[in-house]
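Reader: Hello! Could you take me on a close look at one part of this model, the surroundings of the ligand, and then at whatever backbone details you find worth a stop?

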Amino acid sequence: MADRQTRSTTDVVVLGAGPAGLVLGNLLQQRGVDCVVLERAERAHVETRARAGFLAANTVRILERHGLAEGLRRHGQPHSVCEFRGADGRFRLDYSGLGRGERHTVYPQQQLVSDLLTRFLASGGRVEFATEAVTVLGSGTERPSVTVREADGRPGRWRARYVAGCDGRHGAARRSLPPGSVRRHHCDHGVTWLGLLAEAPPSLDAVGYAVHERGFAGHMARTSEITRYYVQCERGTPADAWSEERIWDELELRMRGAEYGPLHRGRIVRRGVVDLESDVLEPLRHGSLFLVGDAAGLVSPSAAKGANLAVLEAEILAEALVDDLVHGDSGGLDTYSARCLPYLWRAQEFSHWMIRLLHGPSGSDGTSLFHDSLRRSRIASLRTSRSHQDWFAEHYAGV
Ligand code: RFL
């Protein structure tokens with residue numbers, strides 16, 4: 001360890017090469033702030049990890065503002081229709097004509113990450129792959145450092161003026177927060193999804209949300225050959241518990257394929273279990289350590305907000321770091337947390353609302369039936385009330 005203790009010094013150590021870390025890295029690099037991105041995984045893993053796909057108009061605007069939107073402009077698909085299916089029939093909402101008239105751009109997260117990485121490296125940015133941040137030390141001081149485990153297993157240490165924790169919910173940034181320095185507000189929604197990527201063309205030209213007595217099912221296009229599906233399952237179900245045939249039969253049933261048309265089936269190329277959970281850390285800073293993206297707050301994927309918030313927070317933090325390190329003005333850093341938290345809580349509120357819209361209680365007792373009727377009433381209101389639709393569109397497509 002001794003020969004590595006002063007291994008490197010930089011202005012900002014960014015933990016994690018996801019959307020948050022790479023947007024932040026690019027913006028700092030563009031403004032001449034010295035930084036390094038430390039990433040636990042190999043480059044190939046980072047560039048193929050399929051997760052989000054729906055980028056909000058505001059996210060596209062941020063990426064465009066900084067010259068980071070070339071790939072998504074070329075290959076992203078505009079998207080603005082969602083379809084709800086349930087026992088009371090189906091209906092569609094084209095949200096580009098509702099609320100603020102905004103739409104999504106469908107662009108797989110791994111492609112965005114790959115674009116951001118390519119741009120960062122091409123402009124001289126440094127990414128240390130296969131380098132795991134172990135602990136952030138001295139975050140309460142002006143000289144924090146990050147201990148790391150390098151690719152060859154050797155320990156190392158980076159010193160900096162600031163550390164940006166963009167390393168997700170299980171990363172070193174959260175782990176290193178001194179007890180009591182930051183509060184965590186947490187909610188387990190008690191719902192579990194089996195998340196699937198199918199080598200199959202989309203089955204409808206809309207995001208599909210199906211509410212069924214057997215549980216929720218969702219359909220989201222990713223590309224013309226790949227579709228993401230979600231199917232609600234019992235908590236604790238192993239990812240490989242269901243055969244492909246069972247998955248497709250269950251999706252077909254819940255999406256009411258017999259009434260509305262069969263699904264295009266294909267090989268399931270990836271699957272994972274997602275327990276729907278949310279949390280927010282408050283404040284998003286401890287001294288010289290800042291929390292960004294999933295490290296700042298985890299938003300359940302029910303409303304597709306996580307990657308969008310990550311980009312927004314990264315832009316806000318980048319501006320603040322540049323103001324401090326280039327212009328000597330620390331005001332932006334002081335207000336970083338207060339600026340980001342309202343966005344985070346709005347996203348939480350909407351994703352919580354979506355969860356309650358799409359998942360019914362399974363019991364047949366009076367309380368379960370009451371909540372189920374409330375949910376049906378909510379869907380009916382979304383189907384018929386223009387003001388309700390405008391509210392939905394504004395929150396669904398916005399950040
Ligand atoms: P990421 O993308 O998790 O990146 C964190 C990076 O940090 C690395 N890392 C470490 N590196 C060094 N040292 C350590 N100790 C480290 N620990 C971790 C990791 O390897 C990784 O590279 O976080 P970031 O940048 O904050 O971005 C957040 C988004 O990835 C996330 O919110 C979204 O994927 C959520 N999400 C969606 N968001 C949307 O906006 N739209 C969507 O359509 C959408 N769909 C989804 C989603 C999340 C999903 N999952 C995984 C639950 C669909 C799914 C299935």
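Author: Gladly; what follows starts at the ligand and then turns to the backbone and the cysteines.

A word on the ground rules: this is a predicted model, in which local features need pLDDT of at least 70 and side-chain atom pairs count only at pLDDT 80 or more, while totals for chains, interfaces and linings use all residues. Residues are numbered from 1 along each chain as its sequence is written, and side-chain values use heavy atoms, with hydrogens and water left out.

The ligand is surrounded by 33 residues, and Glu39, Arg49, Arg51, Gln109 and Asp294 are the closest (a residue is near if one of its heavy atoms lies within 4 Å). By class, this shell holds 14 nonpolar, 9 polar and 10 charged residues; Ala, Val, Leu, Ile, Met, Phe, Trp, Tyr, Cys and Pro count as nonpolar, Asp, Glu, Lys and Arg as charged, and the others, Gly among them, as polar. At least two shell residues each come from helix H1 (19–30), S10, strand S17 (227–233) and H9, with H9 giving the largest share, 4 residues. Helices (H or I, at least four residues) and strands (E, at least two) are DSSP runs, numbered from the N terminus.

Now for the polar contacts (pairs of N or O atoms within 3.5 Å; within protein, one must be able to donate a hydrogen and the other to accept it, and residues adjacent in sequence count only if both atoms are side-chain atoms). Arg49 places a polar side-chain atom 2.6 Å from a ligand oxygen. Backbone polar atoms take part too: that of Ala307 is 2.8 Å from an oxygen of the ligand, and that of Gly53 is 3.2 Å from one. Of the 1000 Å² of accessible area that the ligand has on its own, the protein covers 91% (Shrake-Rupley method, 1.4 Å probe; for residues, only the protein chains shown count as cover).

On to the backbone. Most residues other than glycine have a negative phi, and most peptide bonds are trans. Ala130, in the loop between strand S9 (126–128) and strand S10 (132–137), has a positive phi near 50 degrees. Ala130 is buried at 16% relative accessibility (buried means under 20% relative accessible area, exposed over 50%, partly exposed in between; 1.4 Å probe, protein chains only). The Glu282 to Pro283 peptide bond is cis, with omega near 0 degrees.

Finally, the cysteines: the whole structure has 0 disulfides (pairs of cysteine sulfur atoms within 2.5 Å).
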